[in-house]
Each structure stands twice: as structure tokens, then as C-alpha cells.
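Please look over the chain below before reading on. The report then takes its parts in turn.

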Amino acid sequence: MVKTLSIIILFVLGLIFPMPSFSDPLPGEVLFKNKCKKCHKTTEQLATGPGLKDVTRRRSIEWIDRWLKNPKAVMNSDDPIAQELKKNFKIQMPTYPEMSDDEKRMDIIEYLKTL
């Protein structure tokens, strides 16, 4: 009985006080401006790379995370989205050392969610 009550209390507390997000769009925006802005627009407009407005609705978070971590590996796979990007854009996205950091990738993704 006590164990069940404890689980219910923890569940209710989780609803009232949800876990904070460990990602933050503000550092993601700064990183975007320093690394991504020269090739990507925050609108639907194409540049060297695709426009990123609503990208988190068009692509899964998992796909974006894999892409940011190692775009070359995704591009060299049989991933259909990557193959379409290869066909439509002449310049391949570089791999940035910052993107090996999970927190920085999630910060960028949080920023992309705001577009």
C-alpha cells in the first residue's frame, strides 16, 4: 500500500513539476548564428543549404541529431532524406567539432524548434 501511494505521489509531482529541459534555445541560437547562418536561412528560403523553418516538423529529432553529429555518415548512408539533399544541394554540410557535444546539438535543436 505504501509503495503504491509513493508511486502515485511521485507521478502527481511529476505532472505538477515536470523535469526541466536540459537544452536551451538561447545558446543554440548563438551557435546557429556562428556556425549555420552562413549556409542556412531561418525561413523556407534556400541558400547554400535548405531553409530551416519548420525543420523539426519535417524531420524527426533523432534524424536531426544524427545529421548534426555526423552529416557525412548520414549522407553516405542509404538514408532517403540525405540522398534527396545530396541531389538538391551541391555543397555537403561539414562536420563541426561542436556537434560532437550532445548538449550543444540539443541546444541547436531547441533553437530549430522555435523557427
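## Overall fold

This is a predicted model. The protein chain has seven helices and zero strands. Along the sequence the pattern reads α-α-α-α-α-α-α.

The protein chain holds 115 residues, and 29% of them count as buried. Among contacts with a separation of 6 or more, 55% join residues 24 or more positions apart.

## Helix H2 and its two sides

Helix H2 spans residues 25–35, and its buried residues are Gly-28, Leu-31 and Phe-32. These residues lie on the same side of H2, because they cover an arc of only 105° around the axis. Leu-26 and Asn-34 are exposed on the other side of H2. Helix H7 (102–113) is included in what covers the buried residues of H2.

## Phe-32

Phe-32 belongs to helix H2. Its relative accessibility is 2%, under the 20% cut-off, so Phe-32 counts as buried.

Setting aside neighbours within four places in sequence, Phe-32 is in contact with Lys-37, His-40, Thr-42, Leu-52, Ile-108, Tyr-111 and Leu-112.

## The largest nonpolar core

In soluble globular proteins, nonpolar side chains tend to be buried together. Here the largest nonpolar core has 22 residues. Phe-32, Ile-64, Trp-67, Leu-68, Ile-108 and Leu-112 touch the most other members. The elements giving two or more residues to this core are H2, H4, helix H5 (71–75), H6 and H7.

Ile-64 has contacts of its own to list. Not counting residues up to four places away in sequence, Ile-64 touches Val-55, Thr-56, Arg-59, Ile-109 and Leu-112. Leu-112 is also in contact with Phe-32.

## The largest pocket

How much space lies in the largest pocket? The volume is about 580 Å³. The lining has 32 residues. His-40, Pro-50, Trp-67, Leu-85 and Met-93 lie nearest the centre of the pocket. Trp-67 is also one of the core residues that touch the most other members, and His-40 is in contact with Phe-32.

H2, H3, helix H4 (61–69), H6 and H7 each supply at least two residues of the lining. Which element gives the largest share? H6 does, with five residues. By type, the lining divides into 20 nonpolar, six polar and six charged residues.

## Two loop residues

Asp-54 sits in the loop between H2 and helix H3 (55–58). Asp-54 is not glycine, yet its phi is positive, near 60°.

Pro-97 sits in the loop between helix H6 (80–88) and H7. Is Pro-97 buried or exposed? Its relative accessibility is 63%, over the 50% cut-off, so Pro-97 counts as exposed. Pro-97 and Lys-69 are 28 residues apart in sequence. Their C-alpha to C-alpha distance is 8.7 Å.

## Summary

The protein chain is built from seven helices and zero strands. Phe-32 is a buried residue of H2 and is among the core residues that touch the most other members. H2, H4, H6 and H7 are among the elements that give two or more residues to the core. H2, H4, H6 and H7 are also among those that each supply at least two residues of the pocket lining.

Conventions
Residues numbered from 1 in each chain as written. Predicted model: local features only at pLDDT ≥ 70, side-chain atom pairs only at ≥ 80, totals over all residues. Heavy atoms only, no water. Buried < 20%, exposed > 50% of the residue type's maximum accessible area, 1.4 Å probe, protein only. Helix = DSSP H or I, 4+ residues; strand = E, 2+ residues; numbered from the N terminus. Arc of directions from axis to C-beta. Contact = heavy atoms within 4.5 Å. 1 Å grid on protein atoms, 1.4 Å probe; cavity = no way out; pocket = protein on both sides within 12 Å on 5 of 7 lines; lining within 4 Å. Points joined across faces, edges and corners; volume = space filled by probe spheres on them. Nonpolar A, V, L, I, M, F, W, Y, C, P; charged D, E, K, R; others polar. Core = buried A, V, L, I, M, F, W, Y, C linked by side-chain atoms within 4.5 Å.
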